[in-house]
Amino acid sequence: MTGFLIAFEGGDASGKTTQARRISELIGAVFTREPGGTEVGESLRELLLSPEIPLAFRTEALLMAASRAQLVEEVIRPNLETGRHVVSDRFLASSIVYQGYATGLPVDEVRGLSIFATNGLLPDLTILIDLPVELSIRRRTDMPDRFESEAIEFHEKVREGYLSLAENSPERWAVIDGSGSLDEVSSLVDEAVVNHLGLSLNEPRS
Ligand code: TMP
């Protein structure tokens, strides 16, 4: 018996972290995030998000992949193998979309690098919390990180990239309109988890 891997994706300030944590608690999953989730991953996160540290695009892609490799090896795979579900706030689609579609590195090469990092592991379900870019920019409160500091065109490419990945694999993706109230978004996310994975949300597993 293996658990399910559920990834939450979306632009910055889409509300995906709130939803990822909520679903994780409901189904008794292990919650983690990218970049990060391990000791080395959290150190890489600081480097990766700091707008002050210069990073070549290929370095950025490699460090994202390195964080992912460690997370899969140390947290995700061992938990799935014992039957626990794992919910990750971002996973490999973030690299395909941010480093590939938006930054402009070859999308297939970025995908290949990520698949090398996960040793072939893919999410059972990716939930995209989709939001118009202007709305997500208005929602931001913190100091902008490396990616939030990018121009609006970058974020438009991120959004388009996600929507095209979702369109190509509807059986493994659910696209949720993130512009509604917290309750509205939550019930759409619940519905996606039940419909795609057949999980019951009333009986959390431990
Ligand atoms: P977040 O966890 O607050 O969403 O911030 C993580 C940022 O890192 C976000 O702007 C997207 C970016 N990112 C990538 O560019 N590539 C990746 O592979 C991942 C996991 C995140």
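In which hand does α4 pass α7 in their crossing? The legends below take this up for a predicted model.

**Figure 1. Helix α4 packs against helix α7**. Two packed helices are described by the angle between their axes and the distance between the axes. Here α4 covers residues 92–102 and α7 covers residues 152–168; their angle is about 130°, and their axes are 9 Å apart. That makes α4 oblique to α7. As for the opening question, α4 passes α7 in a right-handed crossing.

**Figure 2. Residues of α4 meet residues of α7**. On the α4 side, look for A93, S94, I96, V97, Y98, Y101 and A102. Their partners in α7 are F154, K157, V158, G161, Y162, S164 and L165. Sorted by class, this contact between α4 and α7 has 10 nonpolar, 3 polar and 1 charged residues.

**Figure 3. Y98 and F147 form an aromatic pair**. Searching the whole structure turns up 3 aromatic pairs, and this is one of them. The two rings sit 5.8 Å apart, centre to centre, with 85° between their planes, an edge-to-face arrangement. Y98 belongs to helix α4, while F147 is in the loop between α6 (133–139) and α7, so the pair ties together parts that are 49 residues apart in sequence. Are these two residues buried or exposed? Y98 counts as buried because its relative accessibility is 4%, under the 20% cut-off. F147 is also buried, with a relative accessible area of 6%. Together with F154, Y98 and F147 form one aromatic cluster.

**Figure 4. Y162 and W173 make a tilted pair**. What sets this arrangement? The ring centres are 6.5 Å apart and the planes are at 55°, so the pair is tilted. Y162 lies in helix α7 and W173 in strand β5 (residues 173–177), so this pair links parts that are 11 residues apart in sequence. Y162 counts as buried at 2% relative accessibility, and W173 counts as buried at 10%.

**Figure 5. S136 sits in helix α6**. Here we turn to a single residue and its neighbours. S136 is buried, and its relative accessible area is 7%. Which residues does S136 touch, leaving aside those up to four places away in sequence? They are D12, A13 and L131.

Terms used. Residues numbered from 1 in each chain as written. Predicted model: local features only at pLDDT ≥ 70, side-chain atom pairs only at ≥ 80, totals over all residues. Heavy atoms only, no water. Axes fitted to C-alpha atoms, helices over the stretch in contact; angles between N-to-C directions. Helix = DSSP H or I, 4+ residues; strand = E, 2+ residues; numbered from the N terminus. Parallel < 35°, antiparallel > 145°, perpendicular 65-115°, else oblique. Left-handed = near helix turned anticlockwise from the far one by under 90°. Contact = heavy atoms within 4.5 Å. Nonpolar A, V, L, I, M, F, W, Y, C, P; charged D, E, K, R; others polar. Phe/Tyr/Trp six-rings, centres within 6.5 Å; stacked < 30°, edge-to-face > 60°. Buried < 20%, exposed > 50% of the residue type's maximum accessible area, 1.4 Å probe, protein only.
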